[in-house]
Amino acid sequence: MNKHQQSGMTTLLITSMLLIVALLFSLASYKNLFYQIKRTQNEVLARQAHWAAEGGLECGFTEYKIKKNNFTDFDECNTAELELTLTPVASTEFQLESKATNFLQSKKIFKNIKLGGSGKSGAMRSSADLYFHSSVIFMTPDPGNLEADGWQCVALRYRNRFYGITMRNQGVYPGGELPFNDFDPLRKNCAPNHLNTFDNDDDGIVNGDFVKDSSVSPFEEIFGVEKINHNEVRDSGEFELLTTNGSNRGNCGDLIVDILKHPSKKERIWIEGDCEIKSAAFEDLINESEKTQGILLVFHDGLLSFMDPSLPPPRPEKAKGLKGMIVHFNYDYSIGDTSWVGLDANIILGHSSSIFPSDYLSISSYYQKGSFRFSGGQVFDSVGHSALFYSAIDFSYNKDVIDSALSVFNQPRWQQGSWHDF
C-alpha cells in the first residue's frame, strides 16, 4: 500500500469519527431541545389558561353585577372550558373562583367581590356617645348569623360609651316584625348571650347584642368611602341637597317633607347644617316614607333634633314608624356654648342643671324628645360628640328598607388586596 492510499484512509477515518461525534452531540442536544420545545408549548398553554381564567373573572363579575338581586348561577359565562363559582365569605363579601381548562392545562384564580360597606352587624350603630334617659325597645335586632346556640343578634354597636335606663331586645323568635321579608328564624331565637335586658349594674359591659367596638365607623361601613372623602357621596348625583341656616333650621323637617312631596322627588336627601324636626313634620315624614321602599336622610356637620313636645304615651305596637335610614354624620363640626340657642331643644339642653350628666350634655349634637318609632336603620357617626334621648323609642331593624335606601351605593366592586391588585 503506497503512501497516498494510507493518507486517504486516515483522512476518511478522522472525518468519519468527527461525523460520529457530531451526530452524538446532535442526538444529545435534540433530547434537550425537544424538552425545551415541549416546555415552551406547555408554558404557552398555561398562560392561555391563566388569561382565560382572568377573563372568566371579568365575565363573572359583570354577570353578577347585572343579576345581583336575582342571581342564581353564571348561566352566561360557564362553558365546557370555564367554570365559575361564587362562595360567601361574609354578608357583604363573596369569593369568585374562575377555573379554566385548556388542552389538559388547568388554572384557578380567585378574587373577592364586595358589596357596599363592611357588613358589620347592628340595628343601631354609633361612634357618638349615647345616653338614653327613657326606655328603648329594639322590636327587631339585626339577626346576624345563625350558630348552634341561636342567632347572633346585635341591637346596638357603639364605639365608646352608652347609658340606658331601660334597654330591651325583643329577639327574632317569636319576636315581632321580621328583619327582612324572607327571614325564617327556623324556630330559633337570639343566642342566650345575644338576648339581653340591659342592666345598669353591668356598667356598660353587656352581652353580645350590645357590642362595644372601638373600630366602628358607620359612615365608612355604610357607603364604603373613607370619611375624609364624604363629599364624593354627597356629590354623587343621588341626593337632593338641602342647606340650612339660622332662619330655616327650626323648620327643617317641613323642608324635607316638601322635597319628598315634590313630583320629581328624590328619596335620598343630604342636609347640610343644623336641623330640627318637630312632631307634625315627623308625622308627615312617616306618611311620605310609607309611599317609598325606604328613604335615606343624611344630616351632615350640624345639630339634629327630633322634637315631640307633647311627649304622648307610646304608640300602639303596630303604629307606623319612619320607614328609612337616618344617618347623622359630623366630620368637621365643633359644638359651641350657644349652638342650640334658637332651637326648641335648647329648653332642655341650654341649662347646666339637667337630667343629663354634664359630660354628655356639653358635647351633645343630637337630641330626641318624645315618643318615636323607626323602621329601618339609624346610625350616628360623630366622634367626640354625644346623642341624647329623652323619649320612648321603638326601633325595628329592617334590612329590606336599608338595602333599598342604599341600593345605589351598594354596587359590587372588587375587594382591594384580594388578588394581584395591591
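Predicted model: local features only at pLDDT ≥ 70, side-chain atom pairs only at ≥ 80, totals over all residues.
Local features require pLDDT of at least 70 and side-chain atom pairs pLDDT 80 or more, whereas totals for chains, interfaces and linings use all residues. Residues are numbered from 1 along each chain as its sequence is written, and side-chain values use heavy atoms, with hydrogens and water left out.

**View A. Nonpolar cores.** The largest nonpolar core holds 60 residues, of which F138, F223, I256 and L296 touch the most other members. A second, separate core of 14 residues includes L57, Y64, L84 and I113. Such a core is a set of buried Ala, Val, Leu, Ile, Met, Phe, Trp, Tyr and Cys residues joined through side-chain atoms within 4.5 Å; buried means under 20% relative accessible area, exposed over 50%, and partly exposed in between (1.4 Å probe, protein chains only).

**View B. The salt bridge between K227 and D381.** The closest N and O atoms of this pair are 3.5 Å apart; a salt bridge places a side-chain nitrogen of Lys or Arg within 4 Å of a carboxyl oxygen of Asp or Glu. K227 lies in the loop between α2 (218–223) and α3 (230–234) and D381 in strand β17 (residues 364–381), so the pair ties together parts that are 154 residues apart in sequence. Helices (H or I, at least four residues) and strands (E, at least two) are DSSP runs, numbered from the N terminus. Both K227 and D381 are buried.

**View C. The salt bridge between R234 and E272.** The N to O distance is 3.4 Å. R234 is partly exposed, at 23% relative accessible area, while E272 is buried, at 15%.
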